[in-house]
Structure formats: C-alpha cells, structure tokens
Amino acid sequence: MDAYDFEHFIGDLWERMGWKTEVSTAAADKGVDVVAQKSTPYEQTLLIQAKRYGPNTTVGSPEVQQYASLRHQYHGVDKVLLVTTNGYSRQAKELADQLNVKLINGDELVQLVLEHDALDLVVEYLDFVEAIPEEDTSQAAGQSADRPETSSEAGVSSSESDASATQPTQMGSPPSTRWHKAVMGATIGWVVVFFSVVAIPEALWGLLFLVTWVALPAAMFLDAREIGDVTDWPKYTWAYVLTSLLWFVAVIPGLVYLWRRRSVPVRESQEDSESGEQASSFDTPRTSEVEEDTTTTGATDSRGDGEESASASRSSREDSDDRDFARVIGYEEKRYTCQVNRSANGEWLVAYGRGTDPDDARMFIYDDTGLRITETIAEPATASVADSGRTVVIDALDPDEHSAKLIVFEPDGTQLLTHYFNADVADCCVTSDGEYAIVTTYPPDDSAYVFDLESGDRRTKHELRHEKARQVTLRTENGVREIQFSTDTEADPAYAIDLDGEVVWEETDDREETVQEDVEERDDPQHLREMIESLREAYDAAETQPERNDVTKSLADTHWSLANALEGDDPEAMQDHLEQAKEQYFELLPWYEGKSGAAKVLRKQGTYYIERGEGERAAECFRQIKQLEDEYSVQLLTEEDERHLESIT
C-alpha cells in the first residue's frame with residue numbers, strides 16, 4: 001500500500017471505530033498523519049502517526065521521542081498513537097511506556113481490522129485483493145455440538161482421527177529462526193566476499209571465503225530441519241545445500257531459498273493440534289465452543305508455585321503444550337478473540353478478550369466439565385487461575401485514564417475481592433493454592449501488591465527496586481514462597497521478596513549499583529531543590545506554550561518527589577511542596593497529566609489531614625478530586641477515596 005494511502009486507510013479504520021478523523025495533507029503535515037476526535041463517553045482527541053514499514057524495519061525510540069511531543073502542538077490532546085505495519089524495538093516500547101505513547105503493531109492492526117469488520121477497507125485500498133464471503137459455520141457448529149456422539153464415533157480415539165484427517169494449513173511465513181538469519185547473513189556475506197577480492201588483504205579474504213562457503217549450506221540445512229515441524233517445504237533441501245557448495249553460484253540457491261521461504265504453507269503442528277484438542281475439551285455444547293488456534297501470541301505466561309528454579313520454570317513453559325495461544329471462543333452467537341492462561345495443574349483455564357463489537361469484552365473460566373463462569377469485563381488486561389479454580393482478573397477500565405481494577409472470582413462465580421489501582425497494571429499472578437494474589441503496576445505507582453485472598457486484605461505493598469522489573473514469577477524454596485521480579489518472561493529475575501515484602505535476594509552488578517546510586521542522588525532533597533531552581537529558570541526562558549507545558553510538567557513532578565522525600569523529616573515543608581506541585585498540575589489542565597497529577601496530590605493531602613484528625617480539610621481535598629471528575633468526565637476517585645469522603649461527610 002502506498003504510504004499516503006496507508007494514512008487514509010488508518011483514518012477510515014478509526015472512523016469505523018467511532019472516531020471523527022481528519023487526515024493531514026502532505027504539505028501541512030507537522031508530524032501528525034491523522035487527528036481523531038470523539039465526544040462519547042467524553043471529549044477526546046487522539047493524534048495518530050502512521051508508519052508503513054516493511055517486514056525488516058521496526059520503529060525505534062527516536063521516532064517515539066519525536067512524536068511524544070506532538071500533543072503540545074494541539075490544544076486538549078489526550079494521547080499520541082503510533083501505528084505501524086511491522087513492530088517496535090525494545091527501546092521504543094520502553095520509551096513509549098515512559099512518555100505515555102500508545103503503540104499498535106502490525107498484528108494488532110490486523111486484529112483491529114477483523115474486530116471492526118473492516119476487510120472492505122482493505123479491498124478498497126488494495127484493488128488486487130478480492131473479498132471472499134465467510135462461510136456461515138455457526139449453524140453447522142451448533143448441529144455438531146448438539147448432535148449426540150454415536151457409538152462408532154466414541155470408539156475412535158482422537159489420535160486415530162487426527163492421523164487420518166488432513167492437516168489444516170494456513171498461508172504465511174514460517175517462524176523466523178536463528179538459522180534463517182544465518183542464511184540471510186551468509187548470502188549477504190557471499191556478495192561482499194565476491195566483490196571485495198581485490199579490496200581486502202588476501203588472508204582476511206580467505207577467512208571470509210571459508211566462513212561463507214561453510215555457513216550458507218549449513219544454515220540452510222539447519223533452518224529447513226527446524227521449520228520442517230510446521231511446513232512441508234523445502235522438500236528438496238539437499239538440492240539447495242549441494243548447489244550452495246558450488247561457491248561461484250552459491251548466492252543463487254541462497255536467494256531462491258529466502259524468496260520461496262516467505263510465503264509457504266504453514267501446517268498446523270501436532271503441538272498446536274494437541275493444544276487445540278485440549279482447549280476443545282473445555283467446550284460446553286450449548287453455550288461455548290473453543291475453535292482452532294488463530295495465532296500464537298506473546299501473552300502473559302501462565303505461572304504457578306513450584307520447586308523448580310525460575311529459569312527451569314520458564315524453560316518448561318516454553319516447551320509445554322500448555323503455553324498461551326490466542327483462541328476464538330464462540331458464546332451466544334458471538335465470537336471473542338481471547339488470550340488464555342492455564343492453572344499449574346492444567347485443570348482450569350481462564351480466557352479473556354474482546355468480541356467483534358469493540359465495546360463487548362468478556363472473561364471465561366473453564367474446568368474439565370466445560371464453561372463455569374463468564375463475566376463482562378470493560379478492558380481485560382491479564383488474568384491468572386489457581387489449581388482450585390480461584391481466578392484473578394485485571395480490568396484496565398479506561399486505558400487512557402491510567403487506572404485498573406483487580407477482581408477475584410471464586411469457582412462458583414462469586415466475587416471474592418475487588419480493588420482499584422491509580423495506575424496501569426503490568427502483571428498479575430495467583431499462587432497455585434489460591435491463597436495469595438500478586439499485582440505489579442507501572443509508574444508513577446511502580447509497586448507490587450500482595451493480597452491475602454483468604455482474609456480479603458492487602459498484605460503488603462512493595463515499591464519495586466529495579467526499573468522495568470515488573471513481570472512476576474512465583475517460586476517455592478524449602479517451603480518458603482518467593483515472589484520474583486524480572487523485566488520480561490525471558491529474562492532472569494532481578495530480585496525476589498517474600499509475602500511480607502522483604503527482599504530475599506538480589507542480583508547486583510556494577511551497572512545496577514550505578515543505577516542505584518543514580519536513584520539515590522535523584523531522590524536527594526538538595527538535588528531536587530537544585531532541579532527546581534533550574535526548571536524555574538527554564539520556564540522563564542521558554543518562548544512557546546508547548547515548551548512551557550513541558551517544563552511545568554517536570555516542575556510539578558519534581559515538587560512531588562521533593563514532598564515525598566521530606567515526608568518523614570519535615571511535614572511542613574512537605575505540605576508546601578505539595579501545594580506547589582498541585583498548582584503546577586492545575587496549569588496543565590485539561591491534559592491527563594494535569595488531572596491525574598492534581599488528583600494524586602489532593603489524595604496525599606487528604607490522607608495527611610485524616611491522620612491529623614482535620615476532617616473538614618481532608619473532605620475538601622476529596623471534594624476537589626470529585627469536581628475534577630465531574631468537570632472532565634474521567635475516573636479519578638478510587639474506591640478508598642469514596643469511602644473516606646463518605647465517612648467524613
């Protein structure tokens with residue numbers, strides 16, 4: 001698709017999602033491709049940057065940094081969104097988290113097209129694509145579900161039926177492997193060696209020649225063997241390998257191999273088939289059927305207690321047939337694209353996802369008898385289920401408002417616990433016995449919460465010690481539970497705490513010690529006071545309103561940090577800096593940074609006055625949060641805030 005057409009395609013897709021959009025002209029484009037607005041449930045403005053990239057190009061952190069400042073060029077912008085046809089670098093994702101920029105990759109874009117029934121837009125923009133009507137299989141599926149099993153069918157084992165059935169295929173590239181990358185590198189290396197015979201020293205040329213000559217056939221052989229589990233290609237691996245040994249023409253089989261590998265039929269693997277059968281065993285004839293896998297995803301790994309080490313646990317999850325898949329679940333004549341998570345013993349499954357209607361999202365809990373619970377969830381983010389069937393679900397509520405809700409369900413569907421967070425939730429898990437739930441949050445809260453599900457109380461709150469280490473894994477060592485934190489599911493844990501929030505052990509190196517020193521310096525009151533003076537000078541020197549807004553945000557955050565640093569030593573100075581932080585946050589209205597920042601300051605002030613027995617001053621703080629809620633139609637009061645306000649008044 002032409003890059004300019006892609007911008008219009010994104011604009012039309014967001015209109016299909018209920019937004020009023022305007023696509024910038026090429027001459028007037030200041031970095032904003034699409035401006036999207038809608039008035040329900042409240043006034044919102046979204047700036048969209050569309051990046052039509054090929055399969056080997058990702059969006060990096062410089063682009064995220066560049067577009068994060070776009071909101072300051074327009075009045076009342078709520079969020080900046082980057083949409084790409086490919087993906088984002090790890091650094092770009094981390095920076096987007098810090099700068100409140102939402103990212104949508106190519107797979108998520110395809111999912112949006114499917115969810116909002118927008119395939120006609122693809123046909124409109126790509127005239128060589130023909131839309132084929134989808135077969136109506138709901139009636140046949142219903143007949144199949146309701147039809148009783150015959151004796152002859154019952155006598156045929158699932159393995160026999162699988163062996164006799166034709167394996168389904170789907171078109172698309174096989175998964176990339178390290179050997180695939182080696183083939184690409186060796187092919188490029190052949191070209192370099194061929195044309196540099198007179199440009200580099202003879203000894204170095206000979207070494208490069210030997211490496212390329214051996215690496216290309218070896219890499220093709222190993223890659224073909226690895227993807228042989230999911231494809232029937234290439235059937236003539238030996239032809240590619242032997243031809244590539246003829247050095248003077250080796251680039252030809254290398255290029256042909258890479259070109260043909262891009263679009264070969266991907267066969268459903270036996271592992272996927274078994275996982276599909278296992279998911280199907282959770283079906284109920286009347287209300288739900290779990291269809292075949294649509295795509296594997298990087299969903300949150302299922303977790304549970306175990307005696308094995310964290311690395312062994314990760315390895316077992318990678319090799320297990322129970323790893324997560326995206327599945328399509330049929331329920332009441334609707335279809336939901338869900339991520340799934342299993343209990344450690346494999347007897348329970350929780351699925352959560354969105355239907356074809358963008359406002360329709362659900363959570364499903366299954367055991368081996370079928371569907372046990374289903375509930376509507378506004379924005380299901382992640383979930384975890386214990387061996388007993390007790391399930392923890394995170395509802396992200398409105399993602400634009402950086403809030404979330406923890407809901408704990410009993411196996412019979414009753415809600416055991418509800419807890420609100422004033423931050424986005426990063427990860428959650430439940431112990432295998434269902435006694436404890438652990439939740440981690442993103443900044444500014446950046447904490448881990450441990451809930452005792454038997455009593456319904458929060459057992460502890462632990463401020464995370466390592467930046468971005470928010471993925472939770474549970475481990476039992478000598479009968480003692482450890483909560484381990486890592487940067488992602490593939491990384492080694494950075495440190496661990498017990499259920500009371502005490503650090504059990506911590507991996508340290510010179511870099512982490514340096515980071516810790518930087519954190520201590522950053523939180524030093526004297527350092528913060530110097531920063532405030534510098535920021536005031538920067539504010540006076542700012543020439544444009546967007547520049548002043550940036551400085552105001554930093555100034556408010558610094559006053560907030562200094563207030564927290566002085567909390568135990570100088571309560572009077574703490575209150576003074578809270579007042580100044582509140583004043584700066586109010587200057588940022590109507591941006592979300594202003595609303596959420598003012599609310600957190602007022603909440604801290606209200607809590608302080610409650611502890612001092614000054615009920616009327618505390619009530620006034622919570623009333624101001626309520627006024628912000630009413631004025632801007634956003635959720636700012638937490639459940640605890642409402643209890644304080646009710647008890648005081």
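1. The side chains of Arg470 and Asp446 come together in a salt bridge, with 2.9 Å from N to O; a salt bridge here is a side-chain nitrogen of Lys or Arg within 4 Å of a carboxyl oxygen of Asp or Glu. This pair links distant parts of the chain, with Arg470 in the loop between β23 and β24 (471–477) and Asp446 in the loop between β21 and β22, 24 residues apart. Both Arg470 and Asp446 are buried, where buried means under 20% relative accessible area, exposed means over 50%, and partly exposed lies in between (1.4 Å probe, protein chains only). Helices and strands are DSSP runs numbered from the N terminus, helices being H or I with at least four residues and strands E with at least two.

2. On provenance, this is a predicted model, in which local features need pLDDT of at least 70 and side-chain atom pairs count only at pLDDT 80 or more, while totals for chains, interfaces and linings use all residues. Residues are numbered from 1 along each chain as its sequence is written, and side-chain values use heavy atoms, with hydrogens and water left out.

3. How many salt bridges does a search of the whole structure find? The search finds 22. One of them joins the side chains of Arg481 and Asp433 at 2.1 Å, N to O; Arg481 lies in strand β25 (residues 480–486) and Asp433 in the loop between β20 and β21, so this pair ties together parts that are 48 residues apart in sequence. Arg481 is buried, with a relative accessible area of 19%, whereas Asp433 is partly exposed at 31%.

4. Arg354 and Glu379 also meet through their side chains in a salt bridge, with 2.8 Å from N to O. Arg354 belongs to strand β13 (residues 349–355) and Glu379 to the loop between β15 (370–376) and β16 (380–385), so that the pair links distant parts of the chain, 25 residues apart. The relative accessibility of Arg354 is 15%, which counts as buried, and that of Glu379 is 26%, which counts as partly exposed.

5. Strands β20, β21, β22 and β23 form, in that order, an open sheet of four strands with antiparallel pairing, two strands being taken as paired if DSSP finds at least two bridges between them. The edge strands, each pairing on one side only, are β20 (425–430) and β23 (457–463). Neighbouring strands of this sheet are turned by 15° against each other on average, direction ignored; the axes are lines fitted to C-alpha atoms, for helices over the stretch in contact, and angles run from 0 to 180 degrees between N-to-C directions. Within the sheet, five bridges join β21 (residues 436–441) to the antiparallel β22 (residues 447–452), and Ala437 stands opposite Phe451 in β22.

6. Strands β18 (residues 404–409) and β19 (residues 415–421) run antiparallel and are joined by six bridges, with Ile407 opposite Thr418 in β19. The hairpin of β18 and β19 has five residues between the strands, and there Gly413 takes a positive phi near 100°.

7. Which residues form the nonpolar patch on the surface? They are Leu210, Trp213, Val214, Trp238, Leu242 and Leu245, with about 600 Å² of accessible area together. Patches are made of residues with over 30% relative accessible area and no salt bridge, like charges being joined within 9 Å and nonpolar side chains (Val, Leu, Ile, Met, Phe, Trp, Tyr) within 5 Å; the areas come from the Shrake-Rupley method with a 1.4 Å probe, and for residues only the protein chains shown count as cover. Both α10 (202–227) and α11 (237–244) supply at least two residues each, and the largest share, three residues, comes from α10. Leu245 sits in the loop between α11 and α12 (251–261) and is partly exposed, with a relative accessible area of 36%.

8. The structure holds zero disulfides, a disulfide being a pair of cysteine sulfur atoms within 2.5 Å. Cys428 is in no disulfide, and its nearest cysteine sulfur, that of Cys429, is 6.9 Å away. Cys428 counts as buried at 2% relative accessibility, and Cys621 is buried with a relative accessible area of 5%.

9. Gln526 is found in helix α16 (residues 525–541) and counts as partly exposed at 42% relative accessibility. The C-alpha atoms of Gln526 and Leu562 are separated by 9.0 Å, the two residues being 36 apart along the chain.
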